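Hi,

Here is the structure I promised to pass on. Have a look at it first, and my notes follow below.

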Amino acid sequence: MFQIVPIFIGIIFVIVIGSILISVFKGIGQWQKNEQSPRLSVPAVVTSKRIDVTKRSNMHHHNDTHHHHSSSTHTKYFVTFEFESGDRSEFHVAGKEYGLLSEDDNGILSFQGTRYLGFVRNTGSISGGEECQGDYK
């Protein structure tokens, strides 16, 4: 029985380290692919937005009498853009950028591979042909 425990711990160790290495190599590969891709700026429309929230909870034991609960959340923001060709691409964006974008916004999307670089909204018409350049009247 005691001979199986070190083998089991070794297998778990190899699986954990292997998973970490695979994740690191995938990240490096995606970074290299993005670096080799051209920077593009194309007309696009914001078609949808979504949020991915992950929650992590921990319980710490202190002296068998006190329990400390802690939790944390991590939020990722995604925006889907549609190009003139009808193709769509989803990009991970910063929270501030996510808040500034609205569905149906038209503009110029800048990206490099899967890396979001920015979106410049077209100035639109409010009504009667007036152009929106800032504050509403």
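What pLDDT does the chain average, and what share of the residues score at least 70? The average is 85, and 82% of the residues reach at least 70; pLDDT is the predictor's confidence in each residue, from 0 to 100. Over residues 125–137 the pLDDT is below 50, and beyond near neighbours in sequence this stretch has nine contacts in the model (a contact means heavy atoms within 4.5 Å).

Some ground rules before the details. This is a predicted model, where local features need pLDDT of at least 70 and side-chain atom pairs count only at pLDDT 80 or more, while totals for chains, interfaces and linings use all residues. Residues are numbered from 1 along each chain as its sequence is written, and side-chain values use heavy atoms, with hydrogens and water left out.

Salt bridges

Side chains of opposite charge can pair when their charged atoms come close. Searching the whole structure turns up four salt bridges (a side-chain nitrogen of Lys or Arg within 4 Å of a carboxyl oxygen of Asp or Glu). One of them joins Arg115 to Glu35, with the closest N and O atoms 2.9 Å apart. That pair links distant parts of the chain, as Arg115 is in strand E5 (residues 115–121) and Glu35 is in helix H1 (residues 4–36), 80 residues apart. Helices (H or I, at least four residues) and strands (E, at least two) are DSSP runs, numbered from the N terminus.

Glu90 and Arg50 also meet in a salt bridge, at 2.7 Å from N to O. Here strand E3 (residues 88–93) supplies Glu90 and strand E1 (residues 39–62) supplies Arg50, 40 residues apart. Glu90 is partly exposed, with a relative accessible area of 38%, and Arg50 is partly exposed too, at 37%. For these words, buried means under 20% relative accessible area, exposed over 50%, and partly exposed in between (1.4 Å probe, protein chains only).

Arg88 counts as exposed at 54%, whereas Glu82 is partly exposed at 25%.

Aromatic rings

How many aromatic pairs does the search find? There are seven; rings of Phe, Tyr and Trp (its six-membered ring) pair if their centres lie within 6.5 Å, with planes under 30 degrees apart called stacked, over 60 edge-to-face and the rest tilted. Tyr77 and Tyr98 have ring centres 5.0 Å apart and planes at 45°, so this pair is tilted. Tyr77 lies in strand E2 (residues 66–83) and Tyr98 in helix H2, 21 residues apart. Tyr98 is buried at 13%, and the charged end of Lys49 sits over its ring, 4.2 Å from the centre.

Phe83 and Phe111 are tilted as well, because their planes are at 35°, with centres 5.8 Å apart. Phe83 is buried at 14% and Phe111 at 12%. Ring pairs tie both into a cluster with Phe81, Phe91, Tyr116 and Phe119.

Ser102 sits in the loop between helix H2 (95–100) and strand E4 (106–112). Leaving out residues up to four places away in sequence, Ser102 touches Val46 and Lys49.

Cheers

Note on methods: A charge sits over a ring if NZ of Lys or CZ of Arg is within 6 Å of the ring centre and within 35 degrees of the ring normal.
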